[in-house]
Amino acid sequence: MVFEECTNALVICQEALKRISKRSTNTINANVLTALERLEEADKDILNDEIKELIKDMQERATYNKLEKDSLYVRGIMEELKKEIRERGSFDVLTKEIERIVSRRKEEEALFEECAVMKRTATDLRRTLAEEKMSNEAERTRLRNILLDLKNENERVKIASELEEKYLRAWNGAKRGQNSIECEEEWNKLKRSLDDLSTREKMEKRVSEELTKFLVQDIARIEEKIEEWQERYDREKKMYEKEIRKVRIEIEERQRDLEELTREYREKQEFIDAYLVEKEALRKWKEHEEHMRECAIKVQAWWRGVMVRRKLGPYRPEEKKKKRSIKAKK
């Protein structure tokens, strides 16, 4: 029953707010109102009374609109709460809504703090802008003074340039006259050089003709010598070719003799090699025979020594020989 009474009261309040809102003839939206509310106090002072009245009217309308929205919001929550109480018997909707309101309020506080920081930043920027404006004004004054100095300097330079141009014109006239004299002297000098060169050219032309004549004669003489040497070359070539053929024939004969001598040398060398082999074999046989004879002599000498030491054979004493002979007779 309590929730229903609250709901009915909210409906009545909402209807009253709608009627009050319809009476207002202002058509400016809430965004414009918000922008006007954010103006600084110094900016609001410049507004006239009509605009101030308009702002006041807009603020009242915004208040009514907010009350209407809040009543609708509370009415919706009450309806959901009644429904939840009838169905579940709990207050979860109210708890969640309170938590959401708390979180939104924290966000709004953070936004308010950020807005305050931005306002302070804007104030600092206005102060900086004023300081920059003052410094720019001083800089403008300084530049204006510099411009005046430059104008004066320009006038001075202009006067100096006019004087310099006058002096340069006079100097160029004198220089032109001097150059004319120098050019005339150079012209005369070049003319004399041209005459000398013409004379030298004639002399060189004559020398060239004489040299050409001499070279033609010398070439004819050289050609005659070339013909003579060519004939001599042909003649000596034939002679040397004949001698070369003769020498080749002689070389071939000597080559055949050399081959014959080589064959004879090879045969004799084979005979000598065979003789040396036989001689070496004979030497080895003689050495072997000599070795055998020496060995036999050594054996005989050894045996003779044994017989002498043991008194055998012809080296036996006479007494033993007699006894042995007697025994043999018996």
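**Exercise 1.** How many residues apart in helix α5 are Arg221 and Asp218, and about how many helical turns separate them?

*Solution.*
Step 1. The model is predicted: local features need pLDDT of at least 70, side-chain atom pairs count only at pLDDT 80 or more, and totals for chains, interfaces and linings use all residues. Residues are numbered from 1 along each chain as its sequence is written, and side-chain values use heavy atoms, with hydrogens and water left out.
Step 2. Arg221 and Asp218 are three residues apart in helix α5, so about one helical turn separates them. Helices (H or I, at least four residues) and strands (E, at least two) are DSSP runs, numbered from the N terminus.
Step 3. Arg221 and Asp218 form a salt bridge, with 2.3 Å between the closest N and O atoms. The term salt bridge means a side-chain nitrogen of Lys or Arg within 4 Å of a carboxyl oxygen of Asp or Glu.

**Exercise 2.** Determine whether Arg221 and Asp218 are buried, partly exposed or exposed.

*Solution.*
Step 1. Buried means under 20% relative accessible area, exposed over 50%, and partly exposed in between (1.4 Å probe, protein chains only).
Step 2. Arg221 has 41% relative accessibility, so Arg221 is partly exposed.
Step 3. Asp218 has a relative accessible area of 17%, so Asp218 is buried.

**Exercise 3.** Which residues are linked with Glu260 in a network of salt bridges?

*Solution.*
Step 1. The side chains of Glu260 and Arg263 form a salt bridge at 2.0 Å, N to O.
Step 2. Glu260 and Arg263 lie three residues apart in helix α5, and therefore about one helical turn apart.
Step 3. Glu260 is partly exposed at 39%, and Arg263 is partly exposed at 37%.
Step 4. The network links Glu260 with Arg263 and Glu267.

**Exercise 4.** Describe the salt bridge between Arg293 and Glu290.

*Solution.*
Step 1. The N to O distance is 2.3 Å.
Step 2. Both residues, Arg293 and Glu290, belong to helix α5 and are three residues apart, about one turn of the helix.
Step 3. Relative accessible area is 43% for Arg293, which is partly exposed; Glu290, at 32%, is also partly exposed.

**Exercise 5.** How many helices and strands does the protein chain have, and what percentage of its residues is buried?

*Solution.*
Step 1. The protein chain has six helices and zero strands.
Step 2. Along the sequence the pattern is α-α-α-α-α-α.
Step 3. Of the 330 residues in the protein chain, 7% are buried.
Step 4. In the whole structure, 14 salt bridges are found.
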